[in-house]
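Open the model in your viewer and keep the selection tool ready. This tour goes from stop to stop, saying what to select and what is there.

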Amino acid sequence: MTQVAIVGAGAAGLATGIFIRRLNPALSVTLFDGAAKPGAKILVSGGSRCNVTNVAVTERDFWGGKPTIIRRVLRGLPVTDTVAWFASLGVPLHEEAHGKLFPDSNRSRDVLDALMRELDASGATLRPSTRITAITRSPAGFVLQTPGESIHADVVVLATGGQSLPKTGSDGAGLAMARDLGHRIVPTTPALAPLIVERTAPGVQGVAHDVDLTVWVDGSVGVRLSGALLWTHFGVSGPVVLDASRHWLRAALEDRAVRVTVNLFPGESFERVDADWTARAVARPRTSLHTTLTDALPASLASLVLQHLQLDETTPLAHLARSDRRRLAHALVEWPLAVTGSRGYNYAEATAGGVALDELNPASMESRRCAGLYLVGEMLDVDGRIGGFNFQWAWSSARVAARAIIT
């Protein structure tokens, strides 16, 4: 028997347990996790440095559920409080590019160790290697089933994560439990995942540069994003691609016409690029196409573009026909990426879809379908862009649930 059973000891589960015991040490709290060593996803996050949050987090940094609900949950633990909380755990943070906050040690192990120490100090009980296989209602609360025993609890917190990085334990089992307890599950897809393209060019593998990336859905702009793109042996990766992946995958899931284009001259329009090439032809008529293009692009990528358009790299600007110049300008601002899919959950950093957010009370994270059941973290239909936002969602939703449970 335990008063509060938390299923899942990842970021959201550990935080919920810590917050509950800090707020009310009299409550009995037990965390269950199928892994022998919980927290594996924390260890691999942020290139094993753990980007725990961002200096500025709003509902506009997330997709999925209703922005008004996301905003209310985020207010439950603002970024300033998150930074102070980590400082109290002995993990001071520092800011890097794009507002990302990392531990000063740059070690995700230090983040996990601090959470585990605090959980232990709080008096909560952690039961690793204990997989919950089913949860049912009982007259006194809930019954949690493991392969070897039945556990009774007054309150249950589901914090099992989504389906990304399934080797760490996020295999979707918690979503099935939520469904069995009456919840609607928004169909899931990988999010923050590298994308596979139809043809790869060996010459550009490993090349990274800034672009504007557009996902077109049914002929209209679905989303336009900016950031670094990395060419790989399978297709494309990098922050802008990871952010775009959920939009391509959601459109494909809904069987909508979806395509991706890249502006290799970020911030520039066709008209401006075309005018610039015209001016360059006047100023430097003998300069070759390739030399001119490498002023803005890596040499290997410049070669790829010209080969794709069947333009001779050595052609002087003065000899470039108007039609070819316009074809080149179009290609530079709307380069097509023949995306065929993503690398899947094994390489995704998050999950899009999950438990429908409007089936929870945002003031408490308690289910509207099943009293006494709380849901937190990635298993909900909320996914943030790259930059520490998904971790902040975990911390904030955990704090909101903890405050509600102790009252």
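This is a predicted model: local features need pLDDT of at least 70, side-chain atom pairs count only at pLDDT 80 or more; totals for chains, interfaces and linings use all residues.

**Stop 1: α8 and α11**

Select Phe270, Val273, Asp274, Trp277 and Thr278 in α8. What kinds of residue make up the contact of α8 with α11? There are 7 nonpolar, 2 polar and 3 charged residues.

Helix α8 covers residues 270–283, and helix α11 covers residues 322–333. They pack at an angle of about 135°, and their axes are 9 Å apart. That angle makes α8 oblique to α11. The crossing of α8 past α11 is right-handed.

**Stop 2: α2 and α5**

Select residues 40–48 for helix α2 and residues 108–122 for helix α5. The axes come within 8 Å and cross at roughly 150°. Therefore α2 is roughly antiparallel to α5, as angles over 145 degrees count as such. The crossing of α2 and α5 is right-handed.

Zoom in on the contact. From α2, pick Ile42, Leu43 and Ser48. From α5, pick Ser108, Arg109, Val111, Leu112 and Leu115. Colour the residues of this contact by type: 5 are nonpolar, 2 are polar and 1 is charged.

**Stop 3: α1 and α12**

Move to helix α1, residues 11–23, and helix α12, residues 389–406. At what angle do the axes of α1 and α12 cross? The angle is roughly 35°, and the axes come within 8 Å. α1 passes α12 in a right-handed crossing.

Show the side chains next. In α1, select Ala11, Ala12, Ala15, Thr16, Phe19, Ile20 and Leu23. They meet a set of residues in α12: Phe391, Ala394, Trp395, Ala398, Arg399, Ala402, Arg403, Ile405 and Ile406. Sorted by type, the contact of α1 with α12 has 13 nonpolar residues, 1 polar and 2 charged.

**Stop 4: a pocket**

To find the pocket, select Arg199, Leu304, His308, Trp335 and Pro336. Of the 15 lining residues, these lie nearest the centre of the pocket.

Which elements give two or more residues to the lining of the second largest pocket? They are α10, at 299–308, and β17, at 335–337. β17 gives the most, with 3 residues. By type, the lining of this pocket has 9 nonpolar, 4 polar and 2 charged residues.

**Stop 5: Ala371**

Finish at a single residue. Select Ala371, in the loop between β21 (366–367) and β22 (373–375). Which residues is Ala371 in contact with, leaving aside its neighbours within four places in sequence? They are Arg137, Phe142 and Glu366.

Ala371 and Ala302 are 60 Å apart in space. In sequence, Ala371 and Ala302 are 69 residues apart.

Conventions
Residues are numbered from 1 along each chain as its sequence is written. Side-chain values use heavy atoms; hydrogens and water are left out. Axes are lines fitted to C-alpha atoms, for helices over the stretch in contact, and angles run from 0 to 180 degrees between N-to-C directions. Helices (H or I, at least four residues) and strands (E, at least two) are DSSP runs, numbered from the N terminus. Angles under 35 degrees count as roughly parallel, over 145 as roughly antiparallel, 65 to 115 as roughly perpendicular and the rest as oblique. A crossing is left-handed if the near helix is turned anticlockwise from the far one by less than a right angle, and right-handed if clockwise. Contact means heavy atoms within 4.5 Å. Ala, Val, Leu, Ile, Met, Phe, Trp, Tyr, Cys and Pro count as nonpolar, Asp, Glu, Lys and Arg as charged, and the others, Gly among them, as polar. On a 1 Å grid over the protein atoms alone, a cavity is a set of points where a 1.4 Å probe fits but cannot get out, and a pocket is an open set with protein on both sides within 12 Å along at least five of seven lines; lining residues have an atom within 4 Å of a point.
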